[in-house]
Amino acid sequence: MLKHNLDDLTAEERRLLVGLCIWLARGGEGEFQELRWDNQGTSLWKQVNCQRHGCGGNLCPWHQQCYFFAARRKLNKADIIVVNHALLLSDMATEGHILPSYQRLIIDEAHNLDRTAFEKLGTSFAVEEGLRLLAKLSEKRNGIERGYLASLKARYHQCKQ
Ligand code: SF4
């Protein structure tokens with residue numbers, strides 16, 4: 001979705017996106033932890049990372065080059081999987097979308113598991129997140145309509161308001 005909405009990025013997000021491309025061209029493996037981004041980066045990351053809903057999986061034309069699936073292929077070949085509590089909980093939250101099937105796991109940093117489980121698996125809603133999603137759909141900036149609806153309108157001129 002991001003490739004259709006580059007105009008919606010802030011100047012800082014564009015700068016980060018260029019850095020992201022350079023990082024990947026230099027052999028970055030696509031893991032967020034390597035980037036050491038701040039909050040602006042987190043917002044951009046949510047637009048470029050692998051999301052369970054919206055991922056085309058095998059049908060995606062980028063499947064073979066995809067960093068997420070490359071990491072997953074590596075995991076599938078592993079004899080031993082050591083996960084930290086954060087990755088384990090992310091896997092649980094996505095109903096097993098991240099880790100391959102396993103019978104036993106070695107959990108690193110397990111002493112943080114209960115606290116992080118509350119954070120990751122609990123339900124919370126941040127107003128900013130809702131506003132960000134709404135803005136993705138439609139917002140007016142500098143008098144110009146932006147967002148997904150605006151790009152649909154531009155693409156399909158026959159659509160009426
Ligand atoms: S396969 Fe990879 S590149 Fe394609 S949609 Fe899914 S996460 Fe994105």
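Here are legends for a handful of views of this predicted model.

**View 1. The whole chain, end to end.** Start with the overall picture: the chain carries eight helices and four strands. Reading from the N terminus, the elements go α-α-α-α-β-α-β-α-α-β-β-α. Along the principal axes, the C-alpha atoms fill a box of roughly 55 × 35 × 30 Å. Of the 161 residues in the chain, 2% are buried. If you look at contacts with a separation of 6 or more, 54% of them link residues 24 or more positions apart.

View 2. Across the chain, pLDDT averages 83, and 95% of the residues score at least 70. Which element has the lowest mean pLDDT? That's helix H2 (residues 32–35), with a mean of 79. Strand S2 (residues 106–108) has the highest, at 90.

**View 3. Helix H1 against helix H3.** Here, helix H1 (residues 11–25) packs with helix H3 (residues 39–48) at an angle of about 70°, and their axes are 10 Å apart. Angles of 65 to 115 degrees count as roughly perpendicular, so that is what we call H1 relative to H3. On the H1 side, the contact comes from Glu12, Glu13, Leu16 and Leu17. H3 brings Gln40, Gly41, Ser43 and Leu44. Sort this contact by class and you get three nonpolar, three polar and two charged residues.

**View 4. Around the ligand.** Zoom in on the ligand and you'll find Cys50, Cys55, Gly56, Gly57, Cys60, Trp62, His63, Cys66, Phe68 and Phe69 around it. How many residues of this shell are nonpolar, polar and charged? Seven are nonpolar and three are polar, with no charged residues in the shell.

**View 5. Asp91 and its surroundings.** Asp91 sits in helix H5 (residues 85–93). Is Asp91 buried, exposed or partly exposed? Asp91 has 17 C-beta neighbours inside 10 Å, so it counts as partly exposed; buried would take 20 or more, and exposed 12 or fewer. Leaving aside residues up to four places away in sequence, Asp91 touches Gly96, Ile98 and Leu99.

**View 6. From Asp91 to Arg15.** This view takes in two residues, Asp91 and Arg15, that are 76 residues apart along the chain. Between their C-alpha atoms there are 30 Å.

Key
Residues are numbered from 1 along each chain as its sequence is written. This is a predicted model: local features need pLDDT of at least 70, side-chain atom pairs count only at pLDDT 80 or more; totals for chains, interfaces and linings use all residues. Axes are lines fitted to C-alpha atoms, for helices over the stretch in contact, and angles run from 0 to 180 degrees between N-to-C directions. Helices (H or I, at least four residues) and strands (E, at least two) are DSSP runs, numbered from the N terminus. Angles under 35 degrees count as roughly parallel, over 145 as roughly antiparallel, 65 to 115 as roughly perpendicular and the rest as oblique. Two residues are in contact if their C-beta atoms, placed from the backbone, lie within 7 Å. Ala, Val, Leu, Ile, Met, Phe, Trp, Tyr, Cys and Pro count as nonpolar, Asp, Glu, Lys and Arg as charged, and the others, Gly among them, as polar. A residue is near a molecule or strand if its C-beta atom, placed from the backbone, lies within 6 Å of it. pLDDT is the predictor's confidence in each residue, from 0 to 100.
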